Amino acid sequence: MFKYRQFVALSVALALTLAACRPSSPGAAPGSQQPVAGEQPQPGGTLTFIVNAEPPSFDGHRETTFALLHPIAPHYSTLYKFDPNDLTKVIPDVAAATPEVSADKLTYTIKLRTDVKFHDGSKMTSDDILATYNKIIFPPSGVLSPRAGAYAAVESMSAPTPDSIVFKLKYPSASFATNLASPWNFIYSAAKLKTDIHWYEKNVMGTGPFTYASNTKGQDWVGKKFADYFAKDKNGVQLPYLDGYKALIITDANAEVNAIRSKQAAIEFRGFTPQQRDTLSGALGTSLAIQEAPWICVNYIVPNTKKKPFDDVRVRQALTLAIDRYAGSTALQKITIVKDVGGLMRPKGPFAQTDADLQKIAGFATDGAANKAKAKQLLADAGQSNLTFKFLNRNITTPYEPVALFVLDQWKQVGINATHDVKETSAYQADLRAGNFEVALDFNCDFLDEPDLQLAKFWSASGLGKGLNFAYYDDPDLDKMIDGQSRETDPAKRRQLVADIEKYAMDTKAYQYPVLWWYRIIPYLNAVRGWRIGSNHYTNQDLETVWLAK
Amino acid sequence: MRRYVAGRLLLMIPTLIGVAILTFVIMRMVPGDIVALKYAGSPVPQSVIDQERHQLGLDKPMWLQFTDWMGEIARFDLGTSLWTGHSVVEEIEIRFPLSLELAIIATLLAIAIAIPLGVLAAVRQDTWTDYAIRIFSIGGLAMPSFWIGLLMVLATITLFGWAPPLVFTPFTVDPFANLAQMVLPALSVGYRYSAVSMRMTRSTVLEVLREDYVRTARAKGVAESLVVMRHALRNALLPVITVISLEFAFLIGGLVVTEQVFNLNGIGKLLVDAVAHRDYTLIQALVLLLASVFVLINFVVDMVYVVLDPRIRYS
């Protein structure tokens, strides 16, 4: 009987073949389309955009999904944020300037703006920042703060004056300053938190450019311009430019495309597939603009080192050597949202190795045939020439299914007979966390090129990597290396330490390794201006500088 | 009759309790839970996951979770959604009017198409009219309503650059905006629905037209239109009503894919989202609601039988 999996495999193979045969898409911009130079922003209008999931609670400190940030971030400010014009640069938001750092790099003093108001009219002071960061870093019992670990270096905080705050660290931390620009760290009112620490889970009240207007669950989220917002543009014009925004919750991919095609929505900020981009481009022509960028999201192959024969480093090395990532990139980027070949850090990002260095790592050399020959030899040496196992994956088409099918095909070419074990996300996650799998396709998305974030899944499984490291190894040497780079504040030295970790984790020990890095494609109505794509779908979502061309 | 009605009403209680137990157990047997799903892919420490499971009561023994829930149901409290933290009643209240309106419009449309065409096909059996109607109805059965819906949206976008509004406006606020959103989904659902009812109408009318009392009416010189409408159709309606009512109950929560295609914020979409999120309290409440709708509609249909057919007596 012709089974469903065979049908899907055949369909993807057919799609890969067709994609390889067709010319490059007419609508695909070779690079990012940037805002037209010299245009003056026009105030007014309501931006309607799509969010393809429903936010769980409204509390940014508690949640981890973009579905919260896209509709809710415009209501809030953060201490620092990423520059909308250069998303690799951190700029002050409610802070008045960059932090003053003591010579021993253990004390950060931050001056605050004095003109910031909450939407209820109350003035923001250092008490609010203190209450906010206490909730994030030292959450009281019953309060969830999934990112508290990112601030493990913080020893204490204080608010010596109403317009300044001081962070004292236990040890120098390379990522501390950029983590203050985390898009999740909404500034909350100390008064509200004092009344009820859970108040922000069901309510919204910030200092951001837009006030909360309404929310119909499962349907939309509406924000209106905050007249007393503190920021002005370089010409002294009051921000935000928009009168308001409406986020439409649309979960079906076809309905999303149709919403933009019928101009009921202008943009979706997470990303579309190449096919969706081409459909919109063909239908809307010059009414459509497209921005594309590498994405800090990646799929990892994770062999479970607690299961035989994946406790054997030769088998793990063979699994990565068998994959011709460059050929995969050429084919897969035409049908799904993956593109660049890279290590543990985003390719071409600030911590990425050069191509020449990367190609020295097992599985990343460009000679696919030689890699496969080595893989076969390693499997033979390990007595696993006819290796058979189940490859756990989640039932999400983009990009998990095509990526997994590509990997399965590559393995087959070296004699590995792996079967695709596709599960619904919750069941897949349960298997990952229970260690109930042989090899899995894991994934990771971050808001920032930051080794502390991208290496979080590489700590020992019984230590800091508990619940994160699904390869289930314990390696004190690797822990020491990760900790060392985290404390290294010299960027060049840190980059070298990260490169050493990549070599060790992906090659020497071959614990877990990326397939391909994701690629973000945003087709949108070209009336939308002032928004620039970044390498993640979390930051630059306050809509402060977005405007609509008439 | 009163005893019968009281008995039927009382029987609903064990039926609904059975549904509640089944739903509760089946959902817990499915691997994974809402917390694992919520933090899928995020570098969140195990301690946070354990803490959230504890807050949601998912670390309690299953029997204790069940008795807690039954206690809430006994107090007419459907609980709070594990995903949003908002009241389940509030979540359903938002979506129910849309689903109900769509079900009503699609049902009216289906009746308006199915009964006249079904009767016509029966009266003109084995003529071109009959063949055309049968082809039309087989088309409705063969094509899934969501697929027809997709084609409709594509056609209106391609031809007119228009698609149904994505935001629900109640009929009382703006009838035009409301109908603009409802017309295509109602047509796509109503077509399939009418096909089922049309075939049922045709076959039952055909059967009745061969009965002795119809021949007698014709022999007495009663006009053909009266024979069909008064003698045949009325007697043929019982099975048609059963089909229509069961389909109506299905429409309240069963239009999962159609609601996705048209981005309708209805009960079907809510149920699918709840299952995808493993939102146990919401799933349990929705299944109970839909089971209640089915049970109630079945009861109402049984009562309608008495009105339509004086021979039926419940004692």
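## Confidence of the prediction

Two residues are in contact if their C-beta atoms, placed from the backbone, lie within 7 Å.

Residues 7–35 of chain A also stay under 50 in pLDDT, with 37 contacts beyond four places in sequence. Where pLDDT is low, the predicted coordinates should not be read in detail.

## The five-stranded sheet

In chain A, five strands form an open sheet with mixed pairing, in the order S8-S9-S10-S1-S11. Strands (E, at least two residues) and helices (H or I, at least four) are DSSP runs, numbered from the N terminus; two strands pair if DSSP finds at least two bridges between them. At the edges of the sheet stand S8 (210–216) and S11 (267–268) of chain A, each of which pairs on one side only.

Strand S1 (residues 46–51) of chain A runs parallel to S11(A), and two bridges join them. Opposite Phe49(A) stands Ile267(A) in S11(A).

## A parallel pair and its crossover

Strands S13 (residues 388–394) and S14 (residues 417–423) of chain A run parallel and are joined by seven bridges. From S13(A) the chain passes through helix H13 (residues 400–412) of chain A to S14(A), in a right-handed β-α-β crossover. Right-handed means that, with the strands pointing away from the viewer, the path from the first strand over the helix to the second runs clockwise. Arg394(A) has Lys423(A) as its bridge partner in S14(A).

## Conventions

Residues are numbered from 1 along each chain as its sequence is written, while chains are lettered from A and ligands numbered from 1 in the order in which they are written. As the model is predicted, local features need pLDDT of at least 70 and side-chain atom pairs count only at pLDDT 80 or more, whereas totals for chains, interfaces and linings use all residues.

How values were computed. pLDDT = per-residue confidence, 0-100.
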